[in-house]
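Trainee: I am new to this structure and would like to go through it with you step by step. Could we look at it together?

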Amino acid sequence: MENIQEFKQYLQISRKAVILTHFKPDADALGSSLGLARYLKQKGHTVTVITPSDYPDFISWMPGNSDVFIFTKDKSEKAEALINQANLIFCLDFSSLNRINDLGEMIRKSPAKKVLIDHHLEPEKFADFEQWDDTAASTAELVFKLIVDLGDEALVDGETANCLYAGLMTDTGSFRHSNTSHQVFQIAAALVARGANPYKVSKLIYDTNTIERLRLMGYVLSEKLQVLPEYRTAYMVLSAEELKRFGSQTGDTEGLVNYGLSIKGIKLSVMISDRKDSIKLSLRSLGDFSVNEMARSHFGGGGHRNAAGGQTSLTLEETLKKFLTVLPLYKDQLQND
Ligand code: 5GP
Ligand code: MN
């Protein structure tokens with residue numbers, strides 16, 4: 001199944017499909033999955049979206065959300081059954097199977113046809129058909145292109161369009177990041193023409209904060225944000241106790257790392273937070289400085305050139321120490337314009 005024609009042919013028969021997102025899915029991962037699921041259901045396929053973990057409330061308004069199967073260790077047998085019954089497996093918004101933890105091995109073993117739809121750098125080769133493009137700003141964009149290439153743009157209704165628009169909007173930082181291309185605006189316009197409501201989607205995603213989340217943000221900005229001018233770097237470190245103190249929910253820290261990058265002259269911003277089972281790093285950069293390379297080489301992660309993530313199994317203090325040791329390796333790159 002190497003090209004779109006063969007894939008189209010494969011979809012002529014009703015299939016049992018599973019769509020997977022990465023761990024802690026964001027609006028692009030969930031929106032592109034639920035948008036694709038809705039389209040496939042309209043075409044007569046049976047579809048289940050599986051997420052390897054929970055996700056923030058501010059994306060749970062998406063149509064189809066109530067049917068999402070959220071993987072937890074105690075539901076591992078059910079997940080395995082769903083995957084074993086599937087003859088078509090989609091992996092959306094991630095490109096290496098270790099990003100879906102325990103589910104990765106189940107996918108690797110499955111004889112189902114596998115489809116990768118993604119825009120992250122350096123993808124692992126495991127799929128039978130790839131809609132992969134690292135110049136795409138979002139996976140949602142690639143799902144839309146796939147539907148168009150299959151000749152089904154007319155099947156994108158308002159609900160599907162809202163899901164895909166959510167992915168496009170958030171992965172471009174509301175059409176502000178350097179990935180905001182001509183194509184992004186063209187697809188955004190096409191989605192709005194098909195019924196997406198930009199006002200409603202941005203309201204649901206950005207303006208449904210809890211007071212605790214705003215207080216956490218205030219605390220981080222006033223107490224936790226550190227700047228290292230010689231490395232043009234900002235960083236913030238959050239302990240499990242601090243997250244607990246502010247009643248932090250999944251997604252509450254999302255976007256905080258960008259504030260570091262908004263400081264004049266700063267080229268690298270990093271958030272290090274204690275997620276109990278591991279220490280998570282969120283990295284953002286400006287221009288040519290590749291946080292994908294930094295995350296991949298030192299923190300078991302990856303992502304895009306200007307937005308990446310990783311993790312360690314060290315303590316929070318050790319992780320900070322490691323980051324501060326790694327930083328000088330990049331001093332020249334960080335000082336360049
Ligand atoms: P965030 O910092 O918002 O969690 O992630 C930024 C970008 O890096 C996203 O595109 C996300 O998919 C990717 N990313 C986050 N964590 C990891 C990781 O552990 N491994 C890899 N390969 N990518 C990650
Ligand atoms: Mn994405």
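Predicted model: local features only at pLDDT ≥ 70, side-chain atom pairs only at ≥ 80, totals over all residues.

Trainee: From which domains does the lining of the second largest pocket draw at least three residues each?

Mentor: The domain assignment of the chain gives two ranges, 4-206 and 211-335. The lining draws at least three residues from each of domain 1 (4-206) and domain 2 (211-335).

Trainee: Which residues of domain 1 lose the most area to domain 2?

Mentor: The centres of the two domains, taken over C-alpha atoms, are separated by 27 Å, and the contact takes 11 residues from domain 1 and 10 residues from domain 2. Between them the domains bury about 920 Å², with 48% of it on carbon and sulfur atoms. On the side of domain 1, 44% of what is buried comes from three residues together, namely F58, L121 and E122.

Trainee: Which residues touch the most other members of the largest nonpolar core?

Mentor: In soluble globular proteins, nonpolar side chains tend to be buried together. One residue to look at is L191, which, leaving aside its neighbours within four places in sequence, is in contact with F144, V156, A161, L164, Y165, L168 and A196. A second, separate core of 22 residues includes L228, A295, F299 and L334. Of the 52 residues in the largest nonpolar core, those touching the most other members are F7, I19, L36, F90, I117 and L191.

Notes: Residues numbered from 1 in each chain as written. Chains lettered and ligands numbered in written order. Heavy atoms only, no water. Domains from an automatic or database assignment. Core = buried A, V, L, I, M, F, W, Y, C linked by side-chain atoms within 4.5 Å. Buried < 20%, exposed > 50% of the residue type's maximum accessible area, 1.4 Å probe, protein only. Contact = heavy atoms within 4.5 Å. Buried area = accessible area lost by both parts, 1.4 Å probe.
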